[in-house]
Amino acid sequence: MRWIIKLDEGLGWLSKFCGWIACVAMILMAANVFYDVVMRYAFNDVSIGMQEMEWHLYSVVFLMGIPYALRTDGHVRVDVFYTRWSNKTKAWINIGGALLFVIPFAYLIGFYGYGFAVDAYQMGEGSGDPGGLPHRWIIKSVIPFSAIFIATAGVNMVTHAIRVLAGDKEYEGEHSAGGLA
């Protein structure tokens, strides 16, 4: 059981680290949008590269926020049923959900996302707009990279559920994730 505890804590730390990456990307995105709006309306200057950076950063927020949401139970589920179940029932549901949905879904994202990123790299894909960002493969490589973290978050759901079944842990009363702050 000791190795399950260590594995659970290590995977939990990894998911929280993904959450901090998403948090930093969100702050950078907000600063980017602020800069873009000020430049557009105050100085009548538009930067295509900065506009593209907004959706690049949003991609990082979304893709790296998924593992954190899985770890903190901040993901979408039918809480009207889930909150009424016992901890053991929740643990079995989480094990089944992780093994049947999260981990296979992460595999598919990683498998197809890897090819997507490699194709972008081999083509030297960049923005089609003048002044846009080059090297689009960099942002596309975040897709398979995040799939690895989503899969580890799925494994973390299983290890946490095993600890709940063993009586070592309990699920929190609230499942709203509470945020990073």
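In which helix is the place of N32? N32 lies in helix α1 (residues 2–43), where helices (H or I, at least four residues) and strands (E, at least two) are DSSP runs numbered from the N terminus. This is a predicted model, in which local features need pLDDT of at least 70 and side-chain atom pairs count only at pLDDT 80 or more, while totals for chains, interfaces and linings use all residues. Residues are numbered from 1 along each chain as its sequence is written, and side-chain values use heavy atoms, with hydrogens and water left out.

**Overall architecture**

The protein chain has six helices and zero strands, in the order α-α-α-α-α-α along the sequence. Taken along the principal axes, its C-alpha atoms fill a box of roughly 60 × 40 × 30 Å. Of its 181 residues, 37% count as buried; buried means under 20% relative accessible area, exposed over 50%, and partly exposed in between (1.4 Å probe, protein chains only). Among contacts (heavy atoms within 4.5 Å) between residues at least 6 apart in sequence, 77% join residues at least 24 apart.

N32 counts as buried, at 6% relative accessibility. The side chain of N32 reaches the backbone oxygen of M50 at 3.2 Å. Not counting residues up to four places away in sequence, N32 touches M50, M53, E54 and L57.

R163, in helix α6, is likewise buried, with a relative accessibility of 6%. Its side chain makes a polar contact with the side chain of D8 (2.7 Å). A polar contact is a pair of N or O atoms within 3.5 Å; within protein, one must be able to donate a hydrogen and the other to accept it, and residues adjacent in sequence count only if both atoms are side-chain atoms. Leaving aside neighbours within four places in sequence, R163 is in contact with M1, I4, I5, D8, E9, D168 and K169.

**Packing of α2 and α6**

The axes of helix α2 (residues 48–71) and helix α6 (residues 142–165) come within 8 Å and cross at roughly 5°. These axes are lines fitted to C-alpha atoms, for helices over the stretch in contact, and angles run from 0 to 180 degrees between N-to-C directions. The two helices are therefore roughly parallel, a term for angles under 35 degrees. Residues of α2 in the contact include V60, L63 and M64, and those of α6 include F145, F149 and H160. By class, the contact has 13 nonpolar, three polar and one charged residues. Here Ala, Val, Leu, Ile, Met, Phe, Trp, Tyr, Cys and Pro count as nonpolar, Asp, Glu, Lys and Arg as charged, and the others, Gly among them, as polar.

**Aromatic pairs**

A search of the whole structure finds five aromatic pairs. Rings of Phe, Tyr and Trp (its six-membered ring) pair if their centres lie within 6.5 Å; planes under 30 degrees apart count as stacked, over 60 as edge-to-face and the rest as tilted. Two of the pairs are tabulated below.

| Pair | Centre to centre | Angle between planes | Class |
|---|---|---|---|
| Y107 and F111 | 6.0 Å | 25° | stacked |
| Y121 and W137 | 5.1 Å | 85° | edge-to-face |

Y107 and F111 are separated by about one helical turn because they are four residues apart in helix α4 (residues 87–123). Y107 is exposed, at 57% relative accessible area. Ring pairs also link Y107, F111 and Y112 into a cluster.

The pair of Y121 in helix α4 and W137 in helix α5 (residues 137–140) links distant parts of the chain, 16 residues apart. Y121 is exposed at 53% relative accessibility, whereas W137 is partly exposed at 28%.

Conventions. Angles under 35 degrees count as roughly parallel, over 145 as roughly antiparallel, 65 to 115 as roughly perpendicular and the rest as oblique.
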